[in-house]
Amino acid sequence: MVKTAARQPVPARRADAERNIAAILEAGTRLLSSDPTASVADIAKAAGVGRVTLYGHFPSREALVDAVLDHAVDMADAVLEDESIDKTPAPEAMAGLLRSSWEVLDRHRRLFLAADRVLATERIREHHERPLRRVERLIARGQRDGDFRTDLPLQWLVTAFFSIIHSAAQERELGRLKPEEVEHVLIKTMLSLLTSTSGASPA
């Protein structure tokens, strides 16, 4: 008699692993957005998994924070998707994008502080490539329409957007910007930068 091979519950194990990863990312986003010093043990407990299981998926705190940041940026990118960004005048669209971006970032600003502690700035920037493509598209349109300056490189202006909004999160956390001030400061700062000497020829 030919014996059939024992069935291996690989799909079940894979499904369990995916559920564990999802739970860890959700718990990590929630805890680190509340307390940037939240420990791996705290996150494992909140996710309902053991530390061994967590480390099986994320072998270090750096790897865990990296994955949590990517998860949070993915969620933010979905929230920020708005067709009006390509239809309204560029300055108006930029103000709206800053409001929406800050609303999302403010909820997760402590997660970004946690990321600053263990990840290189360039790595944090890499996680933002998708939403920053939206910013690049908007600034480029503003330059073509004559609303935004053209005497500075497009990529530099995109970097300025990234730096300003994340600096605002740090200033807000340290208490040097009041919660009710941030949105106005962000919009005025960025639009002042983008519209200064608007239409000037590249140096």
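Let me start with helix α9, which gives the most to the lining of the largest pocket, with seven residues. What you see is a predicted model, in which local features need pLDDT of at least 70 and side-chain atom pairs count only at pLDDT 80 or more, while totals for chains, interfaces and linings use all residues. Residues are numbered from 1 along each chain as its sequence is written, and side-chain values use heavy atoms, with hydrogens and water left out.

Helices here are DSSP runs (H or I, at least four residues), numbered from the N terminus. On a 1 Å grid over the protein atoms alone, a pocket is an open set of points with protein on both sides within 12 Å along at least five of seven lines, a cavity is a set where a 1.4 Å probe fits but cannot get out, and lining residues have an atom within 4 Å of a point.

The largest pocket has a volume of about 230 Å³, a volume being the space filled by probe spheres set on the points, which are joined across faces, edges and corners. Its lining counts 14 residues, and D116, T121, F162, S163 and H166 lie nearest the centre. Two or more lining residues come from each of α6 (109-118), α7 (121-127) and α9.

Of its 20 lining residues, L80, S101, H128, P131 and H166 are the closest to the centre. Here the largest share, five residues, comes from α4, and α4 (61-80), α5, α8 (129-144) and α9 each supply at least two. By class, this lining divides into 14 nonpolar, four polar and two charged residues, where Ala, Val, Leu, Ile, Met, Phe, Trp, Tyr, Cys and Pro count as nonpolar, Asp, Glu, Lys and Arg as charged, and the others, Gly among them, as polar.

Finally, how do α5 and α9 pack? Helix α5 (residues 90-107) and helix α9 (residues 154-174) meet at an angle of about 45 degrees, with their axes 11 Å apart; axes are lines fitted to C-alpha atoms over the stretch in contact, and angles run from 0 to 180 degrees between N-to-C directions. The two helices are therefore oblique to each other, since angles under 35 degrees count as roughly parallel, over 145 as roughly antiparallel, 65 to 115 as roughly perpendicular and the rest as oblique. The contact (heavy atoms within 4.5 Å) includes S101 of α5 and H166 of α9.
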